[in-house]
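User: I would like to go through this model with you. Could we begin with the pockets and then turn to the cores?

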Amino acid sequence: MIAPPLLYAVLMLAIPLLTILTFSFIRDGYQIVIWELTLENYRAVWADQIFRALMLRSLGVAMLVTLATVVLAFPVAYFLSFVVAPRRKAMWIFLITIPFWTSYLIRVFLWKVILGYNGVINSGLKSLGLIEQPLSFLLYNTGSIVVTLAHAYAPFAILPIYVALERIDRSLLEAGRDLGESRAMTFWRVTLPLAMPGVLAAVLIVFIPTMGDYVTPTLIGGGKIPMVANLIQAQMLDIDNKPLGSAIAVTAMLIVTLLAALFLLLNRRFLRVRT
């Protein structure tokens with residue numbers, strides 16, 4: 001029974017990653033690759049100021065998206081777990097997962113329509129007489145990228161937090177209130193620490209794919225705010241320098257892995273101190 005999913009994982013994950021890793025150690029020629037082992041690609045990556053700038057921008061955008069998504073997702077998950085009646089929770093989960101019914105690309109285009117110069121927001125404000133000229137700062141900036149990505153990944157943050165909250169033994173909350181703790185302190189000392197595994201899962205689920213997103217910066221950013229994934233795409237397709245593009249991809253993956261490991265370590269220390 002394990003063989004089919006294992007084969008699928010090897011074909012879809014292991015082989016592509018090994019291919020990228022292999023290409024990152026070979027030399028690029030004009031429209032061909034030279035099968036000669038070298039570290040020159042990695043030296044070029046770390047010496048490139050453009051890579052460092054785009055990497056820092058990607059980290060900043062990914063952190064903003066993660067923060068916005070998790071902060072907004074937690075109240076929704078809390079409401080769904082503690083306020084919504086059990087018989088209605090399935091309906092709420094159904095409503096939350098509705099965005100999955102449409103393509104990610106379609107959702108990005110919809111935000112472009114909403115935030116555009118003649119989009120829904122500007123048209124609505126003009127019809128209400130609040131503005132005379134359309135607002136030009138709604139689109140093609142970092143804020144619009146963060147809003148679009150936060151909306152796209154909101155269900156990925158809500159669901160793991162909700163699962164963690166559902167697993168909390170309600171008698172622990174009652175015991176805290178019986179001991180004289182206020183609702184706020186009970187939430188801070190009991191609910192939040194017990195929900196941290198879900199919060200951690202939400203952070204990683206949102207942060208990692210956001211780092212590799214290249215569609216939203218292209219469409220919502222108008223190509224003016226490229227991220228590291230756009231640099232990888234340009235090296236792989238436009239410039240046709242697959243070894244350098246592979247080295248950039250591997251370097252970005254290593255940076256994300258180190259940050260994820262650091263976050264896991266800090267989270268464990270936080271839980272150890274709280275307990």
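User: How many nonpolar, polar and charged residues are in the lining of the largest pocket?

Analyst: The lining of the largest pocket has 13 nonpolar, three polar and no charged residues. Here Ala, Val, Leu, Ile, Met, Phe, Trp, Tyr, Cys and Pro count as nonpolar, Asp, Glu, Lys and Arg as charged, and the others, Gly among them, as polar. On a 1 Å grid over the protein atoms alone, a pocket is an open set of points where a 1.4 Å probe fits, with protein on both sides within 12 Å along at least five of seven lines, and lining residues have an atom within 4 Å of a point.

User: Before we continue, what are the ground rules for this model?

Analyst: This is a predicted model: local features need pLDDT of at least 70, side-chain atom pairs count only at pLDDT 80 or more, and totals for chains, interfaces and linings use all residues. Residues are numbered from 1 along each chain as its sequence is written, and side-chain values use heavy atoms, with hydrogens and water left out.

User: What is the volume of the largest pocket, and which residues are closest to its centre?

Analyst: Its volume is about 430 Å³, the space filled by probe spheres set on grid points that are joined across faces, edges and corners. Of the 16 lining residues, Met211, Gly212, Ala229, Ile232 and Met253 are the closest to the centre.

User: Which helix gives the most to that lining?

Analyst: Helix α12 does, with six residues. α10, α12 (228-238) and α13 (242-274) each supply at least two; helices are DSSP runs of H or I with at least four residues, numbered from the N terminus.

User: And the second largest pocket, how much space lies in it?

Analyst: About 360 Å³. Of its 15 lining residues, the closest to the centre are Met63, Thr66, Val203, Phe207 and Phe263. Two or more lining residues come from each of α3, α10 and α13, and α3 gives the most, with six.

User: Changing topic, which members of the largest nonpolar core touch the most others?

Analyst: Val61, Phe74, Ile161, Leu165 and Val199 do, in a core of 36 residues. Such a core is a set of buried Ala, Val, Leu, Ile, Met, Phe, Trp, Tyr and Cys residues joined through side-chain atoms within 4.5 Å, where buried means under 20% relative accessible area with a 1.4 Å probe, protein chains only.

User: Which residues does Val61 touch?

Analyst: Leaving out residues up to four places away in sequence, Val61 touches Thr142, Ile145, Val146, Leu149 and Met227, with contact meaning heavy atoms within 4.5 Å.

Definitions and conventions
Buried means under 20% relative accessible area, exposed over 50%, partly exposed in between (1.4 Å probe, protein chains only).
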